[in-house]
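Hi everyone, thanks for making time this morning. I'd like to walk you through one chain, so please have a look at the screen.

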Amino acid sequence: MNITFEAIKFDNAHEAIQHYYASGYGDDVILLGGKYYLVKRAEAERIEAAGIEFAYVHDHEMPDGEHRIVTVPVND
């Protein structure tokens, strides 16, 4: 299935998350087809409603202060 969506594409999760914090452009970082995208929430919801497998990507702070990138699968 092909789907067109509005996003900014990044080579890795770190770049996408940094841009998310710095730019204020998007609402979510997602991993789709091995690529990382910064998208508006409506785009992520539209991709989810289409039944396409992807994952939300989050910067999670551990209790010791360490940051880890975690993914939350959707339509898996």
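Predicted model: local features only at pLDDT ≥ 70, side-chain atom pairs only at ≥ 80, totals over all residues.

The chain has two helices and five strands, and from the N terminus the order is β-α-β-β-α-β-β. Its radius of gyration is 12 Å, close to the 11 Å that the globule rule gives for 76 residues, so the chain is as compact as a globular protein of that length. Along the principal axes, the C-alpha trace spans about 40 × 25 × 20 Å. Buried residues account for 30% of the 76 residues. Of the contacts with a separation of 6 or more, 39% are between residues 24 or more positions apart.

Now, helix H2, residues 41-49. Which residues of H2 are buried? They are Glu 43, Ala 44 and Ile 47. Looking down the axis of H2, these buried residues fall within an arc of 100°, so they line one face of the helix. As a reminder, an α-helix has 3.6 residues a turn, so residues three or four places apart point the same way. On the face of H2 turned away from the buried side you'll find Ala 42 and Ala 49, both exposed. And what do the buried residues of H2 pack against? The partners are E2, strand E3 (35-39) and strand E4 (54-61). After H2 comes Gly 51, with a positive phi near 80°.

On to the cores. The largest nonpolar core has 11 residues, among them Ile 30, Val 39, Ala 44, Ile 47, Phe 54 and Tyr 56. E2, E3, H2 and E4 are the elements that each give two or more residues to this core. There is also a second, separate core of eight residues, including Phe 10, Tyr 36, Leu 38 and Val 57.

Is Asp 28 buried or exposed? Its relative accessibility is 7%, and the cut-off for buried is under 20%, so Asp 28 counts as buried.

Key. Residues numbered from 1 in each chain as written. Heavy atoms only, no water. Buried < 20%, exposed > 50% of the residue type's maximum accessible area, 1.4 Å probe, protein only. Helix = DSSP H or I, 4+ residues; strand = E, 2+ residues; numbered from the N terminus. Arc of directions from axis to C-beta. Contact = heavy atoms within 4.5 Å. Core = buried A, V, L, I, M, F, W, Y, C linked by side-chain atoms within 4.5 Å. Rg over C-alpha atoms; globule rule 2.2 N^0.38 Å.
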